[in-house]
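Here is a colleague's note to read alongside the model.

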Amino acid sequence: MSATSLTESNGRPSDQRSIDAPAISVRGLTKSYGEIEAVRGIDFEVARGETFGFLGPNGAGKSTTISMLCTLARPTGGKAEVAGLDVVRERDRVRRNIGLVFQDTTLDNYLSAEQNLRLHAELYGMPREKIAPRMQSVLQMLQLWDRRESLVGTFSGGMKRRLEIARGLLHSPRVLFLDEPTIGLDPQTRSSIWSYITKLEDEQDVTIFLTTHYMDEAEYCDRIAIIDRGKIVALDTPEALKASVGKDRVQITTEDDPTAIAALGERFGIEAQMAEGEVTFGVASGEQFVPRLFAELGLAIRSVSVARPSLDDVFMSYTGTTIRDAEAGSNDMMRNMAKMMNR
Amino acid sequence: MATKSTLPPTPATAGSGKASHEVAAQHIPARTLRSELRAIKAVWRRELIRFSRDRLRILVSLIQPFLFLFVLGTGLSTLVSTSTHGVNFRTFIYPGILCMAVMFTAMFSAASIVWDREFGFLREMMVAPVRRSSIVLGKCVGGATVATFQGVIVMAIGPLVGVHYTLGLALEIFALLLLLAFSITSFGMMAAARVTQMQSFMALMQMAIMPMFFLSGALFPVNKLPPWLAVLNRLDPLTYAVDPMRRAVFAHLDISPVVRQALAPGVTWWGWHVPGLVEAAMVAIIGLVMLAIAIAEFSSVE
């Protein structure tokens, strides 16, 4: 990073506005594809320098929202500003100020890593003298410098994702959008990608907006918004969200689950649901509740598990379903559709 | 679209202290003609890099012209030698084969945008803060360059079929090839905007290119045709690329005017001999119209 950009930003008074503004500000944003309302009126703000996670099952409206913020889809209603710039009226300026890493790879496999980055730099009109040093710095940061001359086609999935992140950072964006940055990667590669994202947060002055449907990954974010069926159902720090749930999660299997759910309601006043094939409910203190359960349920219990609240439970408590179950539903259809529209 | 075209280089005075933390911001100057030209050049360069990597493609796309020229040309020459007035049949079809080489390469170049879409790279270009027209233009110029290069290889074998170049002839042929390559690539881009599946795209291209080639007069003189074929021939845009090329080649052959008139009679419209320049202009205009449609198509996609 260098200070050479100052002349450019000072040339335009309106940029002062974008510098002071929050990184992202969204009001009443909606998006419909014909009959389907993919995003149904969402509001949030992301502060500068924050790592903000957008969490939800596939089809919840994450990708549609990110597409609107990246100027790739036109909102049906509402308003969204990125770096203080309106995503509809100031589309080009928004584009110059954001970096994008898509779910699906958008690299040219027949070019080398370096050639991919150079093309990006040219398309984004980077000042020529800055291309080489900046390229070296992002490639080194993502540990791809040694492979810069290799064809991208020879890269592994994790390396490609890293290269995309490097490319997204190349033109020094103010906001970096990562749409499912770790999707389709093995657990080890996932955690390594996360270590890069965390590093990036420390080393680069960039706001990160990411979507994920991995609950464990949301823990890395400063704040998360949970989106379900096109609406934000919760928005806070991971800690606060977990605290808001406050209950332990108990999952049991019994000889007759529907009866067990009914019995839990009648005898303990607990509202239980089927989730992941087990009777699931929350209680203040799981360890103390389980002995009572065995004594009073009146049904043979096959298995019991008790878990401290996690983001999964947060999700569960706000949406009434676990993220895996939500995904198994018909929502995939909507996501595929949104994807098609965004082509 | 409506961004300022130039950026006053105001010295860093006010706000510089404040902005010391804002280094991530506004590295990228506003869109200017220069930045668009840079984008066109970048896209063009990518096409060249990819083409140079793909040696097999260069080789494969030469096979067809060579088959036509040396196998079909040689085979048929025994049959048609009386009617060609001593001119080698290979020489006769050579201009048509030049067009063919260029056409197929240009078509494959345009097809690359379908691949780009399939493998996601199109998205990287579409989200860049440049005009879509720059992307499309870069692609077209790239495809035209690559296809012309292929044409130049076929030009180089001219002496083997009795065509000896002067500088003037070489330049004339080169210019016509470039024009044709550009038009065909634009045509392919226009189709690629709509047809997003590779198989459909290739099928469509085959369906368009083969009839165009056969109707164009690449393999036969365009006078004395039966009326139905004459009409189709005059409607075929490729006719207007093959004809000036053949006339240019035959103008440099050491043959009698009678033979020249028989083999390279030139295209006529209701008896009027269409001048070569008009023919070239037609190819250019058709190309530009298709380019404009392609740009409009790509700009309208979100």
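1. The buried residues of α1(B) pack against α5 of chain A, and also against α3 (89-118), α4 (121-126) and α5 (132-156) of chain B. Contact here means that the C-beta atoms of two residues, placed from the backbone, lie within 7 Å. Helices are DSSP runs of H or I with at least four residues, strands are runs of E with at least two, and both are numbered from the N terminus.

2. A word on the source: this is a predicted model, in which local features need pLDDT of at least 70 and side-chain atom pairs count only at pLDDT 80 or more, while totals for chains, interfaces and linings use all residues. Residues are numbered from 1 along each chain as its sequence is written, and chains are lettered from A and ligands numbered from 1 in the order in which they are written.

3. Which residues of α1(B) are buried? They are B:S35, B:R38, B:A39, B:I40, B:A42, B:V43, B:W44, B:R46, B:E47, B:R50 and B:F51. A residue counts as buried with 20 or more other C-beta atoms within 10 Å of its own, as exposed with 12 or fewer, and as partly exposed in between.

4. Axes are lines fitted to C-alpha atoms over the stretch in contact, with angles from 0 to 180 degrees between N-to-C directions.

5. In this pair, A:Q115, A:L119, A:E122 and A:L123 meet B:R38, B:A39, B:A42, B:R46 and B:I49. By class, the contact holds five nonpolar, one polar and three charged residues. Nonpolar covers Ala, Val, Leu, Ile, Met, Phe, Trp, Tyr, Cys and Pro, charged covers Asp, Glu, Lys and Arg, and the others, Gly among them, are polar.

6. B:A39 deserves a look. This residue of helix α1 of chain B is buried because 26 other C-beta atoms lie within 10 Å. Leaving aside residues up to four places away in sequence, B:A39 touches A:E122 and A:L123 as well as B:A128, B:V130, B:S134, B:I135 and B:G138. B:A39 and B:L137 are 98 residues apart in sequence, yet 9.6 Å apart in space, C-alpha to C-alpha.

7. Within chain B, the axes of α6(B) and helix α9 (residues 239-251) come within 10 Å and cross at roughly 175 degrees, so the two helices are roughly antiparallel. B:L169, B:E172, B:I173, B:L176 and B:L180 in α6(B) meet B:A241, B:P244, B:M245 and B:A248 in α9(B). This contact has eight nonpolar residues, no polar ones and one charged.

8. Please also check two loop residues of chain A. A:E180, between β7 (175-179) and α8 (187-203), has a positive phi near 50 degrees without being a glycine, and counts as buried with 22 C-beta neighbours inside 10 Å. A:R229, between β9 (223-228) and β10 (231-236), also has a positive phi of about 50 degrees and is not a glycine; A:R229 is partly exposed, with 18 other C-beta atoms within 10 Å.

Notes:
Parallel < 35°, antiparallel > 145°, perpendicular 65-115°, else oblique.
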